[in-house]
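Student: Could you show me how to read the helices and strands of a protein model?
Tutor: Gladly, let's look together.

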Amino acid sequence: MTDVTETNVTETNTTDTVAMDTAADGAKPFRKTGEPSIAESPLHPRRKSRRIMVGPVPVGGGAPISVQSMTNTVTADVNATLRQIGELAQAGCDIVRVAVPSQDDADALPAIVAKSPIPVIADIHFQSKYVFQAIDAGCAAVRVNPGNIRKFDQVGPDICKAATDAGISLRIGVNAGSLDKELYAKYGGPTPEALVASALKEARLFEDVGFHDFKISVKHHDVITMVQTYRLLASKGDWPLHLGVTEAGPAWQGTIKSCLAFGALLAEGIGDTIRVSLSAPPVEEVKVGCKLLEYMGLRARHFDIISCPSCGRAQVDVIQLANAVTDGLKGITAPIRVAVMGCIVNGPGEAREADLGVASGNGKGQIFIKGKVIQTVPEDQIVDTLLDKAHEIAEHMKDQAEAEGRTLDGTEPVVVPITSDGKHHTA
């Protein structure tokens with residue numbers, strides 16, 4: 001077997017993330033990028049959950065919270081699907097889900113799995129035969145909905161056995177829109193109690209046959225209901241939990257809903273993996289998810305811009321200035337904090353707290369680096385000066401990181417190596 005780097009992953013893992021450098025036993029290596037992810041929240045101890053694996057990505061058991069998304073391509077279009085997976089991976093996605101509603105989609109899975117830079121989950125409803133195909137194709141996990149799989153009481157044990165034999169995990173879960181009719185009637189709608197009762201019923205279907213490698217989601221479109229549901233489910237057992245606000249809406253609305261719901265739960269230590277569901281390109285979901293974890297202290301910080309709101313005190317066009325700087329630095333992945341301030345009230349103080357900043361007024365801007373004024377430039381030179389200095393700082397950070405054996409592209413997946421028996425293990 002080709003050597004791989006060992007890592008020690010425990011129930012309270014806060015160690016550096018390690019990725020496979022080379023393939024093992026013919027397995028395809030996953031990408032190796034980025035800073036170590038963060039496992040513990042600065043706000044609240046993480047809820048204790050059991051560990052499962054999604055390919056090389058640990059979920060639960062103290063592992064760093066992973067970001068997921070789902071492709072919106074026709075899965076059978078292998079090239080289009082792989083292109084989108086590549087974009088998602090570049091944006092920081094750890095795990096990707098692909099829809100498998102047809103035989104053509106199921107047939108495409110081996111080719112997608114073979115070339116995907118991140119673990120692939122097959123999303124399957126109704127047809128149990130696609131579950132077995134996905135497992136045979138080498139998918140890292142399968143999302144199944146026992147409530148809509150035909151004759152699940154008969155095929156469920158076979159699915160669990162196939163997953164066990166393949167060493168993969170499953171995801172089960174409840175959406176408010178597909179709640180069991182009996183539970184809907186019993187509880188008077190998709191209440192937190194109804195959703196949790198449905199999830200517990202599904203969990204027992206697996207646990208009764210000795211299968212425990214699954215995570216649970218209980219999604220709802222309403223923020224308050226969603227938060228109450230996850231809180232209730234979290235109190236019932238130690239399953240790893242996948243957070244999601246289902247049908248969250250267009251980008252602006254869905255971002256607000258997801259940040260409110262995820263922020264409330266993550267601040268309480270609840271949640272092991274997340275997907276921001278937006279009516280927008282999937283890469284936007286990943287950007288929101290990664291930034292959310294950064295601002296919650298659950299991912300290493302990368303490029304961030306601080307800019308003041310537009311107000312009557314501003315002596316420059318703060319909106320235009322902030323947008324120009326943000327656009328000019330969109331390729332920056334180093335952990336630079338840039339402050340763009342429009343007046344002398346809060347400007348100098350905020351600019352001094354940033355790695356790089358400008359306090360503007362009277363037709364000019366004072367440029368700060370690490371709290372020290374390095375130069376004053378005319379207003380029409382502010383953007384170009386900030387961009388030049390930011391790129392200089394980023395290059396210095398990159399060189400320093402490389403000297404220390406690190407990289408700064410900000411898209412690290414959470415992975416553990418394959419051991420000599422060809423399986424993923426935790427300590």
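Tutor: Helices (H or I, at least four residues) and strands (E, at least two) are DSSP runs, numbered from the N terminus. This is a predicted model, where local features need pLDDT of at least 70, side-chain atom pairs count only at pLDDT 80 or more, and totals for chains, interfaces and linings use all residues. Residues are numbered from 1 along each chain as its sequence is written, and side-chain values use heavy atoms, leaving out hydrogens and water.

Student: How many residues does α4 have, and how far does α4 reach?
Tutor: The expected span of a helix is 1.5 Å times one less than its number of residues. Helix α4 (residues 152-166) has 15 residues and reaches 20 Å from first C-alpha to last, close to the expected 21 Å.

Student: Which residues of α4 are buried?
Tutor: Buried means under 20% relative accessible area, exposed over 50%, and partly exposed in between (1.4 Å probe, protein chains only). In α4, F152, V155, G156, I159, C160, A162 and A163 are buried. Seen down the axis of α4, they fall within an arc of 165 degrees (taken from the directions from the helix axis to the C-beta atoms), so they line one face of the helix. On the other side, Q154, K161 and D165 are exposed.

Student: What do the buried residues of α4 pack against?
Tutor: Contact means heavy atoms within 4.5 Å. Here the partners are α3 (128-136), β7 (169-175) and α6 (192-207).
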